Amino acid sequence: MDENIDNQDLNNEDAGADSITRVTGMYKDWFLDYASYVILERAVPAIEDGFKPVQRRILHSMKELDDGRYNKVANIVGHTMQYHPHGDASIGDAMVQIGQKDLLIDTQGNWGNILTGDGAAAPRYIEARLSKFALEVVYSPKITEWQLSYDGRKKEPVNLPVKFPLLLAQGAEGIAVGLSTKILPHNFLELIDASIKHLKGKSFKLYPDFPTAGIADITNYNDGMRGGKVRVRARISQLDKNTLVITQIPFGTNTSSLIDSILKANDKGKIKVKKIEDNTAAEVEILVHLPSGISPDKTIDALYAFTACETSISPLGCIIEGNKPLFIGVSEMLKRSTDNTVELLRSELEIQLKELEEQWHFASLERIFIENRIYRDIEEEETWEGVIAAIDKGLQPHIKHLKRAVTEEDIVRLTEIRIKRISKFDIDKAQQKIDALEGDIAEVKHHLEHLVEYAIDYFTRLKKTYGEGRERKTELRVFDDIEATKVVMRNAKLYVNREEGFVGTSLRKDEYICDCSDIDDIIVFTAEGKMMVTKVEAKTFVGKNIIHAAVFRKKDKRTVYNLVYKDGKGGASYIKRFNVTSITRDREYDLTQGKKGSSVLYFSANPNGEAEMITVFLRQAGSIKKLKWDIDFADVLIKGRQSKGNLVTKYAVKRIELKEKGVSTLKPRKIWFDDTVQRLNVDGRGELLGAFRGEDRLLIINQSGVVKTITPELSTHFEDEMIVLEKWNPKKPISAIYYDGEKERYFVKRFLVEHGNREELFITEHPKSQLEVVSTDWKPMAEVEFVKPRGKQAKENLTVNLEEFISVKGIKALGNQLTTDKVRQINLLDPLPYEVPEELEPEDIEVVDEESVEGKKEDDKDRTQISFEFE
């Protein structure tokens, strides 16, 4: 039966060959056609004008409808559908995106908000018209190349003659078949400056500038090509000790998605947030309220690490040129756009020159025709040909100076001159018009001969006319890398079963150790002298007889472990000090020499490098006379964990006891400030602020006249208006000159910081009061420049020794008036020499590190001493 069916199908195929088509080959062709269509006609912009086809058709339709007044967007969308073979929704969405970029379209009504993510109102409720910038830059019908629309009824531009790097100004994003593009927006003024530099043959660099502002790290921008990456952060500042405020958001996010990401991180326990308020209107304002006791600085880092407050953008420069996709960088895009602008300007000038020459030609003919009364020669002519011939004959003696031959069309135009114009013809005015045209022709020729200079002037005029209010919004800064383990909230509790050798977060019936997070590592030591680092899990076996377990921090050089161990069964005892900075996770390390029967006699973990005093007791055996003596760990050098250590005794140890707690043997910690990333560090990057002890603080003075001191924590965030950052000397006075807004006078004051643990304003609270200069030198000098009175000689500059001008007073004192004359400028001069008394540095100084210990009160809790007595 199957064979009969096959034969029947073959017969049917032969009989109806015209109606059956194999699709195998068609699929290949159709898919390629579809892919080409999506790439060329939908997703990727053209380099010539920077538009995708739908955007180009919208701009063309708006020009056709333009009469200077607003048009309903629904009307524009409907008009665009004559050219765009897709639905009204895609046209409306594309138009809203152009309008939100605030460059080409002058909008009216609710066009949505890129900050909050709110959509635009329906097209029937909003209106639009072309901006003045678009009318000047985008259109020039005389040099536009045209093509038929998709249905052949209308003509549309192949490319609009855009004389500006519009693609880079607006940015573009699209996903096609087999490729995509993501060109980031750039700053309007910087694009013009780069175009001018290119025309002058100079090098230039372009970096993105986002409409949502924020802070960007463009270290790996890679000129906007594949493989590049831009890190973008929200601008977060501290409003008070329990409130953070977000005033700018990363590009590609909005306030709604940002708040959602913060809430998700809070739900997962990565951060702790009490409440979030969104007060965003024209500007972003998101208030993040923190529970009491939560560090604002660490929370800021945690927001960058675990929420959309920091995002990564991967640019991909792909454009259409010559109906083919091309992958190039933004610098090359700008060069091609600028060169294209020069050619468009050349075309416009050439057309303008041709038009001016035509005007000059006819104006000259008209003057000859009327001045020599050639029109009288046609009175006797009875035929049209005779009229043309008579005028041509009459013109011949007078046209030698013309730049081209007289055509029949020229003569026809002469016959169309009205009698009224001939009767009122003014020879002088006609000559003035010809002279003016000759001046315009000479100017256009000059521009053509000096085309590059003309293009530079064109870009300069664009910058002057339309550049106001288009300054850079996004701050460029190099970001520091945030270690998630240092800023994550401790959302779990760590327990240990010492005897069985288990650690984890689910052992709630066993001994509690500390709080931890689910991304932390744990370091564990056992009585056999073994050490292991493992990830926090619900329950993990690490080895029986655990003597110490804690959260492990990589590269922690300040936590020092003090150890006394027995080397094998019946072997000698050794003492050692070491730190653990790097390890391989889940690998067991032996802190002894590896002999069987080795064991720990004494162990302590010291988060700040403390060195205690211990007492060693020996067993009574043979002729041993000294059975007890003291050892100070401060006499033992800190070495690697694999070091053998120093010999304690070769005899059997009965027990070891702690005799006296020690102090840190670590030197004062040197701290640097890296201005590039605006963060403190201990790695030697940036400016050295000094060596800090446990009680030392940093002095911070802001431009707003606020002074404060803080503990030098590496997680501290600094405000942009900070003007002084140095190690605080409580005995060193601060000198300031400020303008009092109420009295409208300049005052000088010197003061000491009275309350180191709070912010204080040292200028008056009047809104017009402002800080002019501030100095932390012992003997500062200042120079005052005065305003020159009208018609009089300027007063000589005044040099002021601030130490002699006023004594040290309270921080709230008004100070002494500087001068009654009008001041033009105040400058700080080099201070007078002063010899600072040397401070005696003690040998042993305790330094508290916020990364290793939560606070000074926790020191005793965090230190672990383990000693064993052997029977």
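Student: What share of the residues of the protein chain counts as buried?
Tutor: That's 46% of the 871 residues. Keep in mind that this is a predicted model.

Student: OK, and how many helices and strands does the protein chain have?
Tutor: The chain has 19 helices and 49 strands.

Student: What radius of gyration does the protein chain have, next to a compact globule of 871 residues?
Tutor: The chain has 41 Å, while a compact globule of 871 residues would be near 29 Å. Along the principal axes, the C-alpha atoms fill a box of roughly 155 × 120 × 45 Å.

Student: And what about contacts, how many link residues 24 or more positions apart?
Tutor: Counting contacts with a separation of 6 or more, 68% are between residues 24 or more positions apart.

Student: Switching to charges: how many positive and negative ones are there?
Tutor: There are 128 positive and 144 negative charges, and their mean positions are 6 Å apart.

Student: Let's zoom in. How do strand 15 and strand 16 run?
Tutor: They run antiparallel, with 4 bridges joining residues 318–321 to residues 324–327. Across that pairing, isoleucine 320 stands opposite proline 325.

Student: What sits between those two strands in the hairpin?
Tutor: There are 2 residues between them, and glycine 322 takes a positive phi near 65°. Asparagine 323 lies in that loop too, and this residue has a positive phi of about 60° although it is not a glycine.

Student: Is asparagine 323 buried or exposed?
Tutor: Exposed, because its relative accessibility is 61%, and the cut-off for exposed is over 50%.

Student: Where does asparagine 222 sit?
Tutor: Asparagine 222 is in the loop between strand 8 (215–220) and strand 9 (229–233). Its phi is positive as well, about 60°, although it is not a glycine. With 43% relative accessibility, asparagine 222 counts as partly exposed.

Student: New topic: what's the strand order in the open sheet of 4 strands?
Tutor: The order is 20-18-19-23, with antiparallel pairing.

Key
Residues numbered from 1 in each chain as written. Predicted model: local features only at pLDDT ≥ 70, side-chain atom pairs only at ≥ 80, totals over all residues. Heavy atoms only, no water. Rg over C-alpha atoms; globule rule 2.2 N^0.38 Å. Buried < 20%, exposed > 50% of the residue type's maximum accessible area, 1.4 Å probe, protein only. Contact = heavy atoms within 4.5 Å. Lys, Arg positive; Asp, Glu negative; His and termini not counted. Charge placed at Lys NZ, Arg CZ, Asp CG, Glu CD. Pairing = 2+ DSSP bridges.
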